[in-house]
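Q: I'd like to learn how to read helix packing and aromatic pairs in a model. Can you walk me through it?

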Amino acid sequence: MKNWITIALICMTMHTTAQNNNIAHFSVWKPKHGQEHNFEQGYKQHLQWHAANKDRWNWYGWYVISGPRVDYFIDATFQHAWSDFDRPVNPAGDAADNALHTEPFGDFKGSFKVKYLPALSIADTQSLQSNFLRYITLTTTDMTQAKSCLAKLKNLYQTKGLKHFLLYEMVDGGQLNQLLLLIGCHNFEAFGQTDNIREELSNIENQLQRKVFTEIQAENLRYKADMSLFPSALPGPAQRP
């Protein structure tokens, strides 16, 4: 009996930890005109600073290739507890290296934090490393109903075999009536699985007999493996991607 109790407690602890490590932080950059190459090289040097300082956080990088922010660069770090942001690696050194290698070549456009909604997501370890991410921002008048709609959309896409459907709720740095949906695609052909998303959401709204979403904006991001960093490549215990 004691063994079963111990196993149950371990499982409960793991579940609680997974639920707490649900915050992602995004930053948005616009490379300066004519400085795109220098920005990219400088950002890579800044990632080397993180590696040299044994940063345990994961870092993903993308270029926006369609939409109003085309050619912008977005980076993000995932699976954090709120307390993680109280103890980042060497903040003063990070700021100094950023000022040296990144800021001269790119304009910082802002940052925000979102909360991962695992019950409304479909994910595997490769989801955020898909070649492309459909970056869909949904603005709603009713967050509860919006989540209900997206639960139905998730179920629909599961029947299609979709493997990368990640839903986040805005919690800081943006409009709190917005959700962020990231859909991973390995090629453009895969876009066909979700190219009717507006109509599919409209059908779900009709079932509810109410208008839930006031705006849906779609952008496309291209993953940059050489502008990403994972602690699994560093010595010591690694954080899951």
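Q: At what angle do the axes of helix H4 and helix H5 cross?
A: Bear in mind that this is a predicted model. To read a crossing, take the angle between the N-to-C directions of the two axes. Here the axes of H4 (residues 143–159) and H5 (residues 197–208) come within 10 Å and cross at roughly 125°. That makes H4 oblique to H5, and the crossing is right-handed.

Q: Which residues make the contact?
A: From H4 you get Gln 145, Cys 149, Leu 150, Lys 152, Leu 153, Leu 156 and Tyr 157; H5 brings in Ile 197, Glu 200, Leu 201, Ile 204, Gln 207 and Leu 208.

Q: Now the rings. How many aromatic pairs does the structure hold?
A: There are 22. To name a pair's geometry, check the angle between planes: over 60 degrees is edge-to-face, under 30 is stacked, and the rest is tilted. Tyr 116 and Tyr 168 have ring centres 5.3 Å apart and planes at 40°, so they are tilted. Tyr 116 sits in strand S4 and Tyr 168 in strand S6, so their pair ties together parts 52 residues apart in sequence.

Q: Is Tyr 168 buried or exposed?
A: Buried, at 3% relative accessibility, while Tyr 116 is partly exposed at 23%. Both belong to one aromatic cluster that also includes Trp 62 and Phe 230.

Q: How are the planes of Tyr 157 and Phe 165 arranged?
A: They're at 70°, with ring centres 5.8 Å apart, so this pair is edge-to-face. Tyr 157 is buried at 0% relative accessible area, and Phe 165 is buried with 0% as well.

Technical notes:
Residues are numbered from 1 along each chain as its sequence is written. This is a predicted model: local features need pLDDT of at least 70, side-chain atom pairs count only at pLDDT 80 or more; totals for chains, interfaces and linings use all residues. Side-chain values use heavy atoms; hydrogens and water are left out. Axes are lines fitted to C-alpha atoms, for helices over the stretch in contact, and angles run from 0 to 180 degrees between N-to-C directions. Helices (H or I, at least four residues) and strands (E, at least two) are DSSP runs, numbered from the N terminus. Angles under 35 degrees count as roughly parallel, over 145 as roughly antiparallel, 65 to 115 as roughly perpendicular and the rest as oblique. A crossing is left-handed if the near helix is turned anticlockwise from the far one by less than a right angle, and right-handed if clockwise. Contact means heavy atoms within 4.5 Å. Rings of Phe, Tyr and Trp (its six-membered ring) pair if their centres lie within 6.5 Å; planes under 30 degrees apart count as stacked, over 60 as edge-to-face and the rest as tilted. Buried means under 20% relative accessible area, exposed over 50%, partly exposed in between (1.4 Å probe, protein chains only).
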